[in-house]
Amino acid sequence: MRLKSLVFAVVAGCLGLSVAVAQEEPQALRQSQMKAVGGAIGALGGIAKGQKPYEAAAVTAALTTISTTMKAFPNQFPEGSQTGSESEAAPAIWQNKTDFEAKAQKLAAEADSLLSAVPVDAAGVGAAMRALGGTCSDCHQTYRMKK
């Protein structure tokens, strides 16, 4: 029962966050979306490292967050939103939007694939993180400005 409550709280929080940030500027919205993905990756990392117990519902919630967020993420880069809100978005996003969108969709597809066969233990979560991490890193190398 506790696990169902946790999953419900995560989903409700994500939905509430979506409504709250829907009225924000695209820079702030995409930063919120990346924080959500970062939180999901952090949850998976905690399980993979043995810092948190394995819970299928937590893994499912994290993968769902990554999937749904990355499907909407490319829409937050309209022309004219290159700067502002301490954006780390590289100009390459607007120069090669098709590739940027493909990378986001690839991450969403990887999360969807993992959702179809949710890892069953910490080792499986670690393998899932390696698959997701390569795609994250590839996009960040090209489309995120270095600080």
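These legends walk through a few close-up views of a predicted protein model.

In this predicted model, local features need pLDDT of at least 70 and side-chain atom pairs count only at pLDDT 80 or more, while totals for chains, interfaces and linings use all residues. Residues are numbered from 1 along each chain as its sequence is written, and side-chain values use heavy atoms, with hydrogens and water left out.

View 1. Along the sequence the pattern reads α-α-α-α-α-α. Helices (H or I, at least four residues) and strands (E, at least two) are DSSP runs, numbered from the N terminus. Of the 147 residues, 35% are buried; buried means under 20% relative accessible area, exposed over 50%, and partly exposed in between (1.4 Å probe, protein chains only). Take contacts (heavy atoms within 4.5 Å) between residues at least 6 apart in sequence: 76% of them join residues at least 24 apart.

**View 2. Here is the largest pocket, with a volume of about 590 Å³.** Its lining has 27 residues, and M34, F73, E88, H140 and R144 are the closest to the pocket's centre. Helix 2 (26–48), helix 5 (97–116) and helix 6 (122–143) each give two or more residues to this lining, and helix 2 gives the most, with eight. A pocket is found on a 1 Å grid over the protein atoms alone, as an open set of points where a 1.4 Å probe fits, with protein on both sides within 12 Å along at least five of seven lines; lining residues have an atom within 4 Å of a point. Grid points are joined across faces, edges and corners, and the volume is the space filled by probe spheres set on the points.

**View 3. Step inside to meet the largest nonpolar core, with 26 residues.** L44, I66, M70, F77, I93, F100 and L132 touch the most other members. Helix 2, helix 3 (56–72), helix 4 (92–95), helix 5 and helix 6 each supply at least two residues of this core. Such a core is a set of buried Ala, Val, Leu, Ile, Met, Phe, Trp, Tyr and Cys residues joined through side-chain atoms within 4.5 Å.

**View 4. Now look at I66 and its contacts.** Leaving aside neighbours within four places in sequence, I66 is in contact with V37, A40, I41, L44, L107, A111 and L132.

**View 5. P91 sits in the loop between helix 3 and helix 4.** P91 counts as partly exposed because its relative accessibility is 45%. Although P91 and R144 are 53 residues apart along the chain, their C-alpha atoms are separated by 8.7 Å.
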